Amino acid sequence: MDVTFLGTASAQPSTTRNHSSLALRTDGDVWLFDCGEATQHQLIRLNGDPKTLAVRDPMDPNAAAKDIVPPKMSRVSAVFLTHLHGDHCFGLPGFLCTVGSVVRIGEERDPIHVYGPQGTKSYVRGVLDATQSRIGRGIVIHEMLLPSHLSHTDDLELVAKLSMTRPPHIDELEGSDFFASSFTTAESMNPADWYWTIITGNEQGKSGASRLTVQASPIPHTVPTVGYFITEPQIPGRLRADQITPILQRNKAALGLKNPMILLSKIKNGETLTMPDGTILVPSEFTEPARRGRRVLILGDTSNAEDSALVKLVDELKKPDGTFNSNAEECLVDLVIHEATNSCLASDIATGLTLDSVESTTIEHGHSTPQMAARFARRVGAGRLVLNHFSSRYKGDADEASLLVMEEVRQLAVDVFGNDRVVCARDFMNVSVPSK
Ligand SMILES: [Zn+2]
Ligand SMILES: [Zn+2]
């Protein structure tokens, strides 16, 4: 599993940072999170010249030895929008037209799925209709709706907003809409209680992205915005064939089996076997402990992600005694990707700004500082934090001056996070999420 950043800019793109988008890849399947302007260009450019453009994982000691294989556009099966601000979705129509035109003859129709907050249907249908665009592959749009009690509200303005939708696009297949569940009472009016379970693939035996579960929760921003929590199912422990083999072999004659190893599959299926020499093969005694699946949190723009059900979703995963160890091996969440639009650097302090003043303006605009991102990452027991979505003041190239500024930004988060596992995203940076 890995993440490739395709755009790391906030509102204004620059020559060194494109608008927001990242690709999560698992066993070849690719999911995009946000699709800012020129996301498809970024994918085309990266695939065209990975040797020059790709930025290796700064925290992976083996990164240099690994081949760079960028995510393929044709592999994208779903796009998840965090919110409908243009810097996160203006690239979607063009992207859909390109990937949507690839219809594999003779194969089952393989529509592209788009997930987003309420309003996503209106946006996608509107732009595709107005430009008379066709998506030959088919498109399915899923919306995260407010809790059902709010859709029956007397608030006329809200009702008007909710029903502000357009008829389906000609190439659209019916999707699923999701009403929010609540951590407290079903009638809770507090968005920090709400979450959606939008994909439940949490089953062993599935492969690729289809085995992942995706949940989302509202996070505070200036428009409805969500953070996504992606979890992989537990990975069953391996059977210690090396320990069982000698036992089976020494009972081979008494068992009357030419190949006693065929019994391995029975043990694998949970059967306890008693050998002729009296040895009892109890499957659990010959199985390595199960390992937890990987967990990734991808947040949209936010001024306070701690005030969200994401924290509660993660808390549910804590050990029964409520503890967790925040080292990289035993963290609760392997990777947190959090925005850090504005920072208070030494150069800002020199002009009379203070951390408090920068933080309050940042929050006013619905955004976060590196320290706020780090507080959230600490709160959810993150193993690693990637800072993302930078103001155009923070350049994303490899010039020494740019890298020095970004190191100062990174250090602000390190100080609060309490360890060095913090990275500032750059366009085309690849970050791996190894299995436990
Ligand atoms: Zn943004
Ligand atoms: Zn925004």
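This is a predicted model: local features need pLDDT of at least 70, side-chain atom pairs count only at pLDDT 80 or more; totals for chains, interfaces and linings use all residues.
The 4 donor atoms around the zinc ion (ligand 2) subtend angles of 89 to 168°, so the arrangement is irregular. Side-chain values use heavy atoms, with hydrogens and water left out.

**Zinc site**
- His83 (NE2), His85 (ND1), His221 (NE2) and Asp301 (OD) coordinate the zinc ion (ligand 2) at 2.2 to 2.4 Å.
- Donors are N, O and S atoms within 2.8 Å of the metal (3.2 Å for Na, K and Ca); water is not among the atoms, so sites may look incomplete.
- The donor residues follow the sequence spacing H-x1-H-x135-H-x79-D.
- Aspartate 301 bridges the zinc ion (ligand 2) and the zinc ion (ligand 1), which lie 3.5 Å apart.

- Histidine 83 is buried at a relative accessible area of 0%, and aspartate 301 is buried at 2%.
- Buried means under 20% relative accessible area (1.4 Å probe, protein chains only).

**Nonpolar cores**
- The largest nonpolar core has 35 residues, and Phe33, Phe80 and Tyr228 are among those with the most contacts inside it.
- A nonpolar core is a set of buried Ala, Val, Leu, Ile, Met, Phe, Trp, Tyr and Cys residues joined through side-chain atoms within 4.5 Å.
- A second, separate core of 34 residues includes Tyr195 and Leu310.

How values were computed: Residues are numbered from 1 along each chain as its sequence is written. Chains are lettered from A and ligands numbered from 1 in the order in which they are written. Buried means under 20% relative accessible area, exposed over 50%, partly exposed in between (1.4 Å probe, protein chains only). Four donors count as tetrahedral if all angles lie between 85 and 135 degrees; four count as square planar and six as octahedral if opposite donors are over 155 degrees apart and all others between 65 and 115; anything else is irregular.
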